[in-house]
Amino acid sequence: MNNVPYKTYLSESELPDAWYNVRADMKKKPAPLLNPATMKPVTASELEHVFCKECVRQELDDNTPYIPIPQKVRDFYKMYRPSPLVRAYFLEKALGTPAKIYYKFEGNNTSGSHKLNSAIAQAYYAKEQGLTDVTTETGAGQWGTALSMGCAFFNLKCHVYMVKCSYEQKPFRREVMRTYGADVTPSPSMTTEIGRKINEEHPNTTGSLGCAISEAVEAASKMPNARYLLGSVLNQVCLHQSVIGLETMAAMKKLGVKPDVIIGCAGGGSNLAGLATPFIGEKLRGENDYRIIAVEPASCPSLTRGRYAYDFCDTGRVCPLQKMYTLGSNFIPSASHAGGLRYHGMSALISELYDQKLIEATSVEQTKVFEAATLFARTEGTLPAPESSHAIRVAIDEALRCKAEGREETIVFGLTGTGYFDMVAYGKFNDGEMDDYIPTDADLAEGFARLPEITC
């Protein structure tokens, strides 16, 4: 190793005191959410029937660049933040690359992922509003775990609808949620009207995030003193996650290092947005330039093969419509092991940044993802989550490109969770039983055919 430390920590006093809202620096803002009944931009009062009031305010705020982090949230952050920025010396050596590889590690909290950054904020706002119950969806289980933890801290009852294939593949993640006091229902279930309808239309379905969202929203609407909290996709969530990128930027400036390439996995968009938006802000202001790469699963390729159009955010078509890169709200992805990336669309914010060519996108097959995860585990010593391993895959590919071209670039990626609840997936990979399902054009055409016809 040279004089650059293996791990770089900011001090507690350097923890950001405000979240960064990249929309304030965007000349062309993400398109507004639409009310499905009127097809007009949704109002704050309409959203407040579903979400907490303060979350709605943040969701619709396109102009405030920095939004203060409440002191109770900041105090909670201090239990696990600032998180470390790690130099991947051993991975670099294994690859024989001149590239310098760093990763921001968000798996150093009990929930096991970056999701806690927004979960504790939303739980705080729910408690401040006087709510007693919240509902949510979860894919791989990281968000459900994080929100269960946040709700326990603020004494809220948490009701989680977990994508069925993950519910079955990851029973221990489910039990962590229950330990924190949440009730967990596999989705689609037979306990909601929408769940019963989806099961009827798609017998034996493995579920999707879109299905689980529909059920959670319906449940919140029928429960007194409850609201629905979402773990990705929305502007408010991307805002809360910006603490990741703010810390990364501060740590790199402390080291005197400027990244050339920034890489994040992308399912709904909060992971990538959290790491990248502070750097994108510098691009927008003309202060610096970076290559920023979104990595998604080849089995659910919303950015790389989707259409940029208004679509429903959920399979049951009860939520507002969002302009995003989408595969169609009725698209049910294969039961891949990256459960947190199995969403039919992409954040409106990430979609608009991609459409403006401020970020790039690529998709990778899951066997290649697990090859990268295995190499990372054997060299860096941390077993990564399948979702984060998409970013590892492309970080390795970029490092090998630098090796082939003789270029000494600095690569940063987000390692937003650990994989210790994903051993079924690792077992299938180790036994040679993992396959790569990639939807055909005909598969995607079915989803595109049901996109709503909206011209705005």
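Predicted model: local features only at pLDDT ≥ 70, side-chain atom pairs only at ≥ 80, totals over all residues.
User: Which side chain makes a polar contact with the side chain of His114?

Analyst: His114 sits in the loop between strand 5 and helix 5. Leaving out residues up to four places away in sequence, it touches Glu106, Gln241, Ile244, Ser270, Asn271 and Thr416. The polar contact, at 3.5 Å, pairs the side chain of His114 with that of Ser270.

User: What separates the C-alpha atoms of His114 and Gly414?

Analyst: Along the chain, these two are 300 residues apart. Gly414 belongs to strand 15, where it points the same way as Thr410 and Val412.

User: How many residues of strand 15 are buried?

Analyst: Side chains in a regular strand alternate between the two faces of the sheet. Here Thr410, Val412 and Gly414 point one way, Ile411, Phe413 and Leu415 the other, and all are buried. For strand 15 (residues 410-415), that makes 6 of 6.

User: Which residue in strand 15 is the bridge partner of Ile263?

Analyst: Strand 15 runs parallel to strand 5 (residues 100-105), with 6 bridges joining them, and there Tyr102 stands opposite Val412. Strand 15 also pairs in the parallel sense with strand 10 (residues 261-265), over 3 bridges. In that pairing, the partner of Ile263 is Phe413.

User: Over in strand 6, which residue's backbone oxygen lies 2.6 Å from a polar side-chain atom of Thr136?

Analyst: Thr136, in strand 6 (residues 133-138), is buried, with a relative accessible area of 0%. Beyond four places in sequence, its contacts include Trp143, His159, Tyr161, Tyr228 and Leu229.

User: How do helix 15 and helix 16 lie to each other: roughly parallel or roughly perpendicular?

Analyst: Helix 15 (residues 366-380) packs on helix 16 (residues 386-405) at about 85°, and their axes are 8 Å apart. Angles of 65 to 115 degrees count as roughly perpendicular. The two helices are therefore roughly perpendicular.

User: And how many nonpolar residues does that helix contact have?

Analyst: On the helix 15 side, Val369, Phe370, Leu375 and Phe376 are among those that meet helix 16, whose contacting residues include Pro386, Ile392 and Ile396. By class, there are 2 polar and 3 charged residues, and the nonpolar count is 9.

Notes
Residues numbered from 1 in each chain as written. Heavy atoms only, no water. Axes fitted to C-alpha atoms, helices over the stretch in contact; angles between N-to-C directions. Helix = DSSP H or I, 4+ residues; strand = E, 2+ residues; numbered from the N terminus. Parallel < 35°, antiparallel > 145°, perpendicular 65-115°, else oblique. Contact = heavy atoms within 4.5 Å. Nonpolar A, V, L, I, M, F, W, Y, C, P; charged D, E, K, R; others polar. Buried < 20%, exposed > 50% of the residue type's maximum accessible area, 1.4 Å probe, protein only. Pairing = 2+ DSSP bridges. Polar contact = N/O pair within 3.5 Å; in protein donor to acceptor, adjacent residues only side chain to side chain.
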